[in-house]
Amino acid sequence: MPKTLRSAITTGGRRMAGARALWRANGMKEEQIGKPVIAVVNSFTQFVPGHTHLHDIGQMVKAMIEKHGCFAPECNTIAIDDGIAMGHGGMLYSLPSRDLIADSVEYMCNAHQVDAMICITNCDKITPGMLMAMMRLNIPAIIVSGGPMEAGVKGGRKYDLIDAMVMAADSAVDDDEVTAVEQVACPTCGSCSGMFTANSMNCLSEALGVALPGNGTIVATHKRRLTLFEKAADRIVEMTRAYYERDDQSVLPRSIAGREAFLNAMSLDIAMGGSTNTVLHLLAIADAAGVDFTMNDIDELSRKVPVLCKVAPSSHYHVEDVNRAGGIMAIMAELARGGLVTGDVGRVEGGTLGETLARRDIVSEQADPDAVENCLAAPGGVRSVSLGSQNSRYQSLDTDRESGCIRDIAHCYSPDGGLCVLFGNIARNGCIVKAAGVDESILKFTGTARTYFSQDAACEAILDGSVKAGDVVVIRYEGPKGGPGMQEMLYPTSYIRSRHLDKECALITDGRFSGGTSGLSIGHVSPEAAAGGEIALVSDGDGIEIDVPNRSIRLAVSDEELASRRSREEARGKAAFTPRGRGRKVTRALRAYALLASSADKGAVRVLPDSEVARE
């Protein structure tokens, strides 16, 4: 049976004459009145290279949708560049922006009662924010990213943002070399070229089933990226008609992204050694979808899913190389051959994951020519800020599953643990390490705690030589509540690399890391310090024992001593579990976020008071 369009409440009946008059003023034609209203939710901004090329594509997508007779109004949401915001107070706003983005999409789409939406996204908090909104609204929706940046090239070597940051803090690299790398590291529009958070999330959108194949890996500058937008525009119209004309529930976000889809997405993340931020975001998206998906699921998967692909900052490969090797569908196909993903889950393109893999696995004789063309889409090698500005092709695909960019299970980098969850008396509810980025020599590490109440203080200590080999840098009160905002820690981890301590030191924090982080960097310690977590009780000189293979992290202090320290901390009254001497200005907006934010093991989602939940 047909379903009534949501938008009919604003376009039908005598009493909606005023609303129809306003729709006409927005450009709605007579023949579009009563037809589906499909929102084009764009995140264009000239603050972020991942979004600076999205200005025109929103109106192009609008035209693509409207040729089918629908009305497609465009709206925008905010986007923060984590690289520019990093290293100062601006980073406090990054994670909280995820909720503002989700809220803004919900506000616009529910206030105007749109029937469906296509989300144009790309970078760190924007993709998860839009995914959260998709799950909340549960109307036909599809997500399309602006695509990854091309890697920079100098002297036959590829460079990216992280290279520029690490080299800038390395006194052994002269000014001319730093300048030369800086000038080539970020050559085009798009999300930064390694498997950092933005690209990780766009790849995971494919694995969840809410984005078309190629979404995560076709470079922003290639014409095949424009083709992807065209396909998404056509498909959202088909999905909208399927739902409202035939009551086909299978096209809805919550039907596509069920528990098995989240397990598939996390398996992909582990297999490709994605950003630790993806854990935070997948937990939050699952919460919005009402899906039972927890840190325990991630821990279980991390023990059996092999590392099949290592991308910068963990290797010399970049996302463009993943695309040449078959993209995300190739990694999923290798996992499927090992029985490590579920093929019987739906997708926005229609059919199941298993059916999609049969068509889009480039090592298969039945590979769709369209899949092959996507994977032959190469970087142009020319500085550009334009979407789809070039049409370069690789001469051949990378189908080497023994030693190529993507491996098969028999030739994996390691049999488990691209991302690992560690538990122990310093992280009762868990913490996260990107094991794919850790040198094997320090997967087991015992060191001496050096504690800091802020990222800034830790950075100063690393750069002035106070941090030495054998130390464990402990940064606390940088979690969702304690920061507030859980800022990324790319600078301290990069400085550890710059000081050549990345194989001799560890860093643990209740904050989080950029996808560009590597080394023995352990984040998301939960509960966080500001929530009374044991990380608040660590003292300088304490021993800390880290055992990644056995998934443990332990403060070498007795339970009795920890209880004594907790009593002393609680005796501080209102000042208990707050940072000492930090002097950070916290605005009303950030305080409002901190009031509701949960610890990282819950995805840092907002938790409403019981009295408020009861009113829902």
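A: With cavities: on a 1 Å grid over the protein atoms alone, a cavity is a set of points where a 1.4 Å probe fits but cannot get out, and lining residues have an atom within 4 Å of a point. A volume is the space filled by probe spheres set on the points, which are joined across faces, edges and corners. This is a predicted model, where local features need pLDDT of at least 70, side-chain atom pairs count only at pLDDT 80 or more, and totals for chains, interfaces and linings use all residues. Residues are numbered from 1 along each chain as its sequence is written, and side-chain values use heavy atoms, without hydrogens and water.

Q: What lines the second largest cavity?

A: This cavity holds about 60 Å³. Among its lining residues are Thr276, Lys434, Phe513 and Ser518.

Q: Which residues have the most contacts inside the largest nonpolar core?

A: In soluble globular proteins, nonpolar side chains tend to be buried together. A nonpolar core is a set of buried Ala, Val, Leu, Ile, Met, Phe, Trp, Tyr and Cys residues joined through side-chain atoms within 4.5 Å; buried means under 20% relative accessible area, exposed over 50%, partly exposed in between (1.4 Å probe, protein chains only). Here the largest core has 119 residues, and Val61, Ile65, Met117, Phe262, Phe293 and Ile331 have the most contacts inside it. A second, separate core of 35 residues includes Leu422 and Val525.

Key: 1 Å grid on protein atoms, 1.4 Å probe; cavity = no way out; pocket = protein on both sides within 12 Å on 5 of 7 lines; lining within 4 Å.
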